[in-house]
Amino acid sequence: MIHGDDRGLQAARARAYILAETGKFDNSHAVQQALIAEGWPNAGQALDSDYARKAVGERCRAAKAH
């Protein structure tokens, strides 16, 4: 069963991935700060796992390489 919090975290992660793919950010911390600036109250929780931080970081690096 999916709860509202789960959907909110998934939405924040999806936005983090989109931001990371823009090439404007160097790492997951910078993306997290951008999410906070956009008004995502759950940005820290959404990127709390090692998996999420690694995925965002990899997308940042890949976007910078292009």
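**Helices and the bridges between them**

Q: How many residues does helix H4 have, and how far does H4 reach from its first C-alpha to its last?
A: Keep in mind that this is a predicted model. Helix H4 runs over residues 50-65, which makes 16 residues. At 1.5 Å a residue, 22 Å is expected, and H4 comes close to that. So from first C-alpha to last, H4's 16 residues reach 22 Å.

Q: Which residues of H4 are buried?
A: Buried here means under 20% relative accessible area. In H4, the residues that are buried are Ala52, Ala55, Val56, Gly57, Cys60 and Ala63.

Q: Where do the buried residues of H2 sit around the axis?
A: Helix H2 covers residues 28-38, and Ser28, Val31, Gln32, Ala34 and Leu35 are buried there. They cover an arc of only 160 degrees around the axis, which puts them on the same side of H2. In general, an α-helix has 3.6 residues a turn, so residues three or four places apart point the same way. The place asked for is therefore the same side of H2.

Q: Which residue caps the N-terminal end of H2?
A: Look for a side-chain oxygen lying 3.1 Å from the backbone nitrogen of histidine 29. The residue that brings that oxygen, and so caps the N-terminal end of H2, is asparagine 27.

Q: Which residue forms a salt bridge with arginine 15?
A: The closest N and O atoms of the pair are 2.6 Å apart. The pair links distant parts of the chain, with arginine 15 in helix H1 (residues 4-20) and its partner in helix H2, 23 residues apart. Arginine 15 is partly exposed, at a relative accessible area of 27%. The partner is glutamate 38.

Q: Which residue meets arginine 59 in a salt bridge?
A: The N to O distance is 2.7 Å. Arginine 59 is in helix H4, while the other residue is in the loop between H1 and H2, 38 residues apart. Arginine 59 counts as partly exposed at 29% relative accessibility. Its partner is glutamate 21.

Q: Is aspartate 26 buried or exposed?
A: Aspartate 26 meets lysine 64 in a salt bridge, at 3.3 Å from N to O. Aspartate 26 lies in the loop between H1 and H2 and lysine 64 in helix H4, so the pair ties together parts 38 residues apart in sequence. With exposed meaning over 50%, aspartate 26, at 56% relative accessibility, counts as exposed.

Note on methods
Residues numbered from 1 in each chain as written. Predicted model: local features only at pLDDT ≥ 70, side-chain atom pairs only at ≥ 80, totals over all residues. Heavy atoms only, no water. Buried < 20%, exposed > 50% of the residue type's maximum accessible area, 1.4 Å probe, protein only. Helix = DSSP H or I, 4+ residues; strand = E, 2+ residues; numbered from the N terminus. Arc of directions from axis to C-beta. Polar contact = N/O pair within 3.5 Å; in protein donor to acceptor, adjacent residues only side chain to side chain. Salt bridge = Lys/Arg side-chain N within 4 Å of Asp/Glu carboxyl O.
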